[in-house]
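Dear colleague,

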Amino acid sequence: MLSQSQTVLIGFFFLTTINFAQTTENTIPRRSYTTTSVQNQTPIKIDGNLDDEAWNAVAWTSDYVEFQPDNGTPPTEQTKMKIVYDDKNLYVAFKCYQKDPETIEQRMGRRDDFPGDWVEINIDSYGDDRTGFSFTISASGVKGDEFISNNGNFDSSWNPIWYTDTQVDSEGWTAEIRIPLSQLRFGNDEEQVWGIQSTRRYFNNEERSTWQPLPANPPGWVSEFGELRGLKGLKPQKQLEIQPYVVGQLDTYKEQPGNPFEDGNDSRLTGGLDAKIGITNDLTVDLTINPDFGQVDADPGAVALDGFEIFFQERRPFFVENKSVFDFSFAGNQDNLFFSRRIGRSPQGQAIGPNIAFVDQPNNTTILGAAKFSGKTQDGWTVGVLESVTDREFADVIDTVGTERQELVEPLTNYAVARVQKDFNDRNSYVGGIFTGTVRRMDPNLSFLHSHAYSGGIDFKHNWKERKYYVEGSAVLSNVRGSAEAIARTQTSITHLFQRTDADHVEVDPNRTQLTGTGGRFEIGKGAVGNWRYNLGGNWRSPELELNDIGFLRQADDIRQYANIRHFWNQSTSWYRQANVGFNQFSSYDFQGNYNRMQYEINGYINWKNNWWTEAGASHKPRIYSNTVLRGGPRWRWNEENFFFLFSGTDSRKKFSMHAGYVHSDAKQNNFSFRRYVLRFFYQPLNSLSLSLINEFEQNPNKTQYVTESSFNGTPRYILGEIDNESLSTTLRVNFNINPNLTIQYYGQPFIFNAKYTNFNYVNNATAKDLNERVTWYDSNQISFENGQYNVDEDSDGTKDYSFGDPDFAFVQFRSNLVLRWEYIPGSEIFLVWSQGINGIGDPTNDFGTIIDNQLLRQQPRNTFLLKATYRFVL
């Protein structure tokens, strides 16, 4: 008799065999455009008027073809393009026809917002079919620029210096672009051929048309570009940019009488330097000294009841730019050998103790300096090296007798990452590797930290049959070293839990001073070509794998198999524009051989004819076991779960649009449930003003939420409770764009989390199918509440057997950021920032309305006022 997972795999391979046997789609011919040099002509003036004599040196190219929604058909409005160059710049002109110029949508936005009507050019100056540079200009003059990696990953953190302007006339609108060659990367051949693609968004029909025609689901993006010919005598440009900055900051907050560290205000004046140095035309060094990230948005509010670390995206410009070069995601989710937020993290030590009266604890670790060496060579090598040093951090302490001192809370630390990839097989394949290292200058007070942490990995991908099919994989190795205390702490952390009582394959060794683990992934499938996409794969993380000194790893000791298949309807009909539906399945095991999970999901998406959209899905989880719920106790079984979700939204082109969504989950025997309600509003009353309001409310009751571990007559007691927890967040964003280079942005988010516990119980048989056999509920004679704690008389003999604290809690947070940004010349900016913050523990006995009134509205926020000025020297 076949198991459920075996049935799914056999069906998947059967379907794969059928699709491999199908006739391959016809290849679309590659277009070519020939440019010429205008070196000896009057320089082109970038004003949006295409009347410069130099533009007459080349002919227009046109015949754009619709890409979405009606693939392969003539577009509603046609577009023309011209390209010329001189020894320092590449020039691009666009003529975007529109029968009624009054219908041109000239919405404003911040850089990389892509509002209204726009046109763009993508340039593969490497000629590697995988990497490109994208320049977008909207009809209103807003610039967008993105670095394209891995044949289709767009990274908007790249901010080169370039120049553009637009004009509206009786035939439509025009755009004129000057791209300094120093912002591109290319070889030194006397005559070169670059890949190019141009895309236009026709806002009225929400239509995309491209210069190089594409199939509905192309096998990649850069690999499908047309060709730019006629480039002769170009000399690679070595880039040299220096950007010093100065910051003045004032913090005001509620004074704490008697606390010299909280006297009501703090001020500081700092400076630093960023630099970009072109070692060759292909390879660049980025440097930062004492970087400042004061204008970066705060992280959204979140609470994790499962004990795992919450993943937050990187927002700091130095680490965001070119982050794709250093990416090494090896096992799905966020697991990665490099997680840049470890650099400059909050100090891991704390100054605490019974004799300490006041503490001034630093929020972040100071980054003394960082350098990145990255780029891609003409012969297909992608290289990235990152080095950063963070300073020793001290907490200022005053003890109960008034003595002041400093306590070390973070050691001097060096972080290093080296990444390389090599293309081959006519750019259809690559192999790569990565190495990371974290080395700390240890101190006896911080012996719980690793002294050294290293990881390495290799990865590969191979495409065939014109990139329709692929196989890819990776393997990683980690090694951490330190004191016996540090390694024991790692073994017992939530990521590993070697102390699990029913685990035969791992155990805590208090004498070990290092751990070595492995992980990896293998996947084979059909990519985005035609109407079908599918893959089959698996990944693993060994019990000793540890990455969290410079990477991100939630849970080790996991082996996972997955299969996905999706069908696309790409041609629009009388009632929809595009649609797709998919089926996903995965199962997981641990290294002891325990079969922990099985899940099936079906989901789909449809873009209706009126440009509204709907997505929905449902999942069945017949098997859910967890090794982490009891924090080192035995493997835990959850009841069988079913869930579904439904989201829908109106036409985003309208001045007012909205999204609404609902997620519903229930487990058998009412073990747990989950409800999520989402309501998003978007409003653009003026071309220069846009607002969004995102509201989310969640309820997640659970009869068996972990509380603590105790002991009864020498037997472990894993105590659980019925939790009623709710969270509410509202995020407001306001963007006012005075012009493309002068913007005012506001971000504000209150977040409230409230958790109340009742009906306490303890684990009886952690893997029993029936909830009533899995746990035993305390009756009213066994448990009582007094002076903030619960006392348990489990054997009802009148004597307290054990006790635990009241787990009820409420968390409140408010974060806001008002930023005026002025790019007074390309690459040089002034920021005026006003930030507010409230962060603390609320009263769980209050309802949301009372918490908002007492813990948010009535609290004095911490205010930060910041002025930052930068100037970019291009040498």
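**Findings in the structure**

The cover over the buried residues of helix H4 includes strand E24 (450-464), strand E25 (469-482) and strand E26 (514-529). Here helices (H or I, at least four residues) and strands (E, at least two) are DSSP runs, numbered from the N terminus, and covering rests on contact, that is, heavy atoms within 4.5 Å. Helix H4 spans residues 484-491, and its buried residues are Ala-486, Ile-487, Ala-488, Thr-490 and Gln-491. Buried means under 20% relative accessible area, exposed over 50%, and partly exposed in between (1.4 Å probe, protein chains only).

Please note that this is a predicted model, in which local features need pLDDT of at least 70 and side-chain atom pairs count only at pLDDT 80 or more, while totals for chains, interfaces and linings use all residues. Residues are numbered from 1 along each chain as its sequence is written, and side-chain values use heavy atoms, with hydrogens and water left out.

Asn-539 lies in strand E27 (residues 532-541). With a relative accessible area of 5%, Asn-539 is buried. Leaving aside residues up to four places away in sequence, Asn-539 touches Ala-331, Gly-520, Arg-521, Asp-558, Ile-559, Arg-560 and Tyr-562. Ala-331 is 208 residues from Asn-539 along the chain, yet their C-alpha atoms are separated by 5.5 Å. The side chain of Asn-539 also reaches the backbone oxygen of Ala-331 at 3.5 Å.

Ser-134 counts as buried because its relative accessibility is 0%. Its side chain forms a polar contact of 2.8 Å with the side chain of Asn-122. A polar contact is a pair of N or O atoms within 3.5 Å; within protein, one must be able to donate a hydrogen and the other to accept it, and residues adjacent in sequence count only if both atoms are side-chain atoms. Among the residues that Ser-134 touches, not counting those up to four places away in sequence, are Glu-120, Asp-145, Phe-154 and Trp-158.

Finally, there is an open sheet of four strands, in the order E3-E4-E10-E9, with antiparallel pairing. Its edge strands, strand E3 (79-85) and strand E9 (163-169), each pair on one side only. Two strands pair if DSSP finds at least two bridges between them. Strand E4 (residues 89-97) and strand E10 (residues 172-180) are joined in the antiparallel sense over nine bridges, and Phe-94 stands opposite Ala-175 in E10.

With kind regards
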